[in-house]
Amino acid sequence: MRHMITPRVRTTAIGVTAMVVVAGLNAPAAVSYAERTYHAYKINQPGYKARYGHWDLLSVPDKYRVRAIHAALLRSGKVLLIAGSGNDRKRFEAGTFDTLLWDPAKDTFKLIHTPEDLFCGGHSQLSGGNMLVAGGTARYEVLDGEVERAAGPMLVKNENPNRGLRFAKGTTFRAPDGKRYRATRAFQLDPAKKVPKKDKNGKRKGGEVIVVASESRVFVESVNKGKRGLRNKPAQYSIQGLKGRAKQDVYGLAQAMTLEKQDYQGINAAYEFDPDIERYVPVGSMDESRWYPTLVTLADGRVLAVSGLDDVGQIINGINEIYDPKTKKWSKAPRRYFPTYPALFLTKGGKLFYSGSNAGYGPANKGRVPGVWDLRKNSFKPVPGLTDTDQTETSTSVLLPPAQDQKVMILGGGGVGESSKATPRTAVVDLNKKPHRFAKGPDLPQGTRYLSSVILPNDTVFTTGGSSDYRGKGDSDIHQAQVYSPQSNSFQDTADPTVGRNYHSSALLLPDGRVATFGSDPLYADRANTQPGTFERRVEIYSPPYLYAKDRPTLGAGPKELKRGASATFRTRHPERVQRAKLMRPSAVTHTTDVEQRSIQLGVTRHRDSVTLSIPRDRHLTPPGWYMLFLTTAKGTPSKAKWVHLG
């Protein structure tokens, strides 16, 4: 582990008495210097670290300082940091997309070829150990007042059952009044389908068939700038360049063409990132394009994709789909509407719990109510008791440790959209108890949006960062961290970070027990909101107090493959020190949404030089995949993790 010692820390040899003298002889600025110097001295003392932990800035060469929008821990122990275009329109238009692979054990870095703009896609840990990444950015938003060309979504139809067609970006559509519009991307039209004709009783009428046109959505914008491209009526559009029968068979349908704000648009591409060869491998595309989707692993190893903005910038109205790692293809899933990046947790029995946390897009009065979603019945039962229900956006949620307790916590959040509202509210629901109902938890120190929450091996939850206003406006970053104890239902103070984190920030647990924090995308850099913000590229790492303990257990040889309902034996030098053992699923986090992380308690039997661990039988509690195995002492001091696999 490499720590960076700053020049300020090296000045701590200055005595406290000398600082007091300087403070007495000089102005308030000298007092501030004295306080800062004493603080640097204090936080580096062994006793302070053992009680509150310690933060270090990671030394990252300029070449590797990417805009970390997404962060995921791979089974190789390396961290995948996906930027894509990184919320930078110029990089998007230039086709410059980034992914960085960081090895925390060696502090080495590697840039990975990124085939498409995976910015604001979704991700999930697959059972075999690859990382599924799906969706991303097809087009950047254009704000009100900045739209130069009238535009809108168009539905393109093909009535020819014998021929499919592919159209290039820039394909021109002509309105009845002669106005012309161009497609902003390439698109495909399948042949129309022949469907048997049936009578009123549902019986086939001989050999008669009905031709059902195929469809494809595309976003179009006016060839001409300004008001000349406006249309306020629905119309059918012809496609320039088509000849013969195709001129009648293929056409576009659209409502108004406006100069209103244009939202981000998603892509339907999907990839598996393979940690062995360290590259993206293309897999089957989704049926829907998705920007801001949530991907959640199910008990059978398949992955559910929900929500997002589609390929014309509209929020997807409940169309969900499931990825099968065996076939590398997607299929339809039960329909259910959610706002973008909803926090969905796999629970006992295979149901999904929606905490209400989400990352933004969607109306304020739709899909915001927390509840239990039964996928088999496609039923949804709301869970009451949550306060500040108008402030679940940009909140964070976590399945509290151990996962067997089936308790989900929601922390902080803010109002819908660019609201300045922020709540300190936390609440916990116990899904083992019926009827389900949120109970009030301890308040955060202040109203907080974009908080990061990370499960630690000692069965606590580390929370850090966030801001009290939308995207850190008004210099509102919160330079505080705290640890939540599910046992006492209370927060405890920890060392505070030096780097502010708001929108586009994330944090995750490393195999050695540290917590790494990334990113932050403030709108402004000053309290008056006059100076544009810059993306935070520094990486700061928190070492919890348990890393300064002397009795850290060891985890030696043992099987890599574990079986549910069975036992496995691992060597350890001092089994008498081992109190607990847990499997911890690695994080895949973005936009404060991390539905992957979970900590599963294991049974422990001690022997002379080993421990035998018993694995729960429930697949819904232990979705398939790679896990970090930790041993901990009675005081919660963890071993370094060992990677094990559950099939």
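# A quick tour of a predicted structure

At 0% relative accessibility, Gly412 counts as buried. Keep in mind that this is a predicted model. By the distance rule for charged side chains, the count comes to 31 salt bridges.

- Gly412 and Thr448 are 36 residues apart along the chain, yet 5.1 Å separates their C-alpha atoms.
- If you skip neighbours within four places in sequence, Gly412 is in contact with Gln391, Ser395, Thr423, Arg425, Leu444 and Thr448.
- Phe462 belongs to strand β35 (residues 461–464). Is Phe462 buried or exposed? Phe462 has a relative accessible area of 0%, so the label is buried.
- Phe462 and Tyr484 are 22 residues apart in sequence, and their C-alpha atoms are 6.4 Å apart in space.
- Not counting residues up to four places away in sequence, Phe462 touches quite a list of partners, including Trp55, Ser452, Leu456, Val483, Val515 and Tyr542.

- Asp177 pairs up with Arg231 in a salt bridge, with the closest N and O atoms 2.8 Å apart.
- This pair links distant parts of the chain, 54 residues apart: Asp177 is in the loop between β11 (172–174) and β12 (180–183), while Arg231 is in the loop between β16 (214–222) and β17 (235–239).
- The two partners get separate labels: Asp177 is partly exposed, with a relative accessible area of 44%, whereas Arg231 counts as buried at 12% relative accessibility. Arg231 gets its label because buried means under 20%.

- Asp311 forms a salt bridge with Arg185, and the closest N and O atoms are 2.8 Å apart.
- Why does this pair tie together parts that are 126 residues apart in sequence? Because Asp311 lies in the loop between β23 (303–306) and β24 (321–324), and Arg185 lies in the loop between β12 and β13 (187–189).
- With a relative accessible area of 9%, Asp311 is buried, whereas Arg185 counts as partly exposed at 22%.
- The side chain of Asp311 also meets the side chain of Arg217 in a salt bridge, at 2.9 Å from N to O.
- That pair links distant parts of the chain too, 94 residues apart, with Asp311 in the loop between β23 and β24 and Arg217 in strand β16.
- Arg217 counts as partly exposed, at 27% relative accessibility.
- Which residues end up in one network? Salt bridges that share partners join Arg185, Arg217, Glu288, Asp310 and Asp311.

**Two patches on the surface**

- A patch of positive charge on the surface gathers Lys351, Arg376, Lys377, Lys381 and Lys434.
- Lys434, one of that group, is in the loop between β32 (426–430) and β33 (438–440). Lys434 is exposed, with a relative accessible area of 73%.
- Val195, Ile210 and Val212 make a nonpolar surface patch of about 210 Å².
- Within that trio, Ile210 is found in strand β15 (residues 204–212) and counts as partly exposed at 41% relative accessibility.

- Pro435 is in the loop between β32 and β33.
- Another cis peptide bond joins Pro401 and Pro402, with omega about -10°. Pro402 is in the loop between β30 (396–399) and β31.
- Asn378 isn't a glycine, but has a positive phi of about 50°. Look for Asn378 in the loop between β28 (371–374) and β29 (379–382), where Asn378 is partly exposed, with a relative accessible area of 26%.
- Arg471 isn't a glycine either, and has a positive phi of about 50°. You'll find Arg471 in the loop between β35 and β36 (481–485), and at 13% relative accessibility Arg471 counts as buried.

Conventions. Residues numbered from 1 in each chain as written. Predicted model: local features only at pLDDT ≥ 70, side-chain atom pairs only at ≥ 80, totals over all residues. Heavy atoms only, no water. Patch = residues over 30% accessible without salt bridge, like charges linked within 9 Å, V, L, I, M, F, W, Y side chains within 5 Å. Areas by Shrake-Rupley, 256 points an atom, 1.4 Å probe, with all protein chains shown as cover. Salt bridge = Lys/Arg side-chain N within 4 Å of Asp/Glu carboxyl O. Lys, Arg positive; Asp, Glu negative; His and termini not counted. Charge placed at Lys NZ, Arg CZ, Asp CG, Glu CD. Helix = DSSP H or I, 4+ residues; strand = E, 2+ residues; numbered from the N terminus. Buried < 20%, exposed > 50% of the residue type's maximum accessible area, 1.4 Å probe, protein only. Contact = heavy atoms within 4.5 Å.
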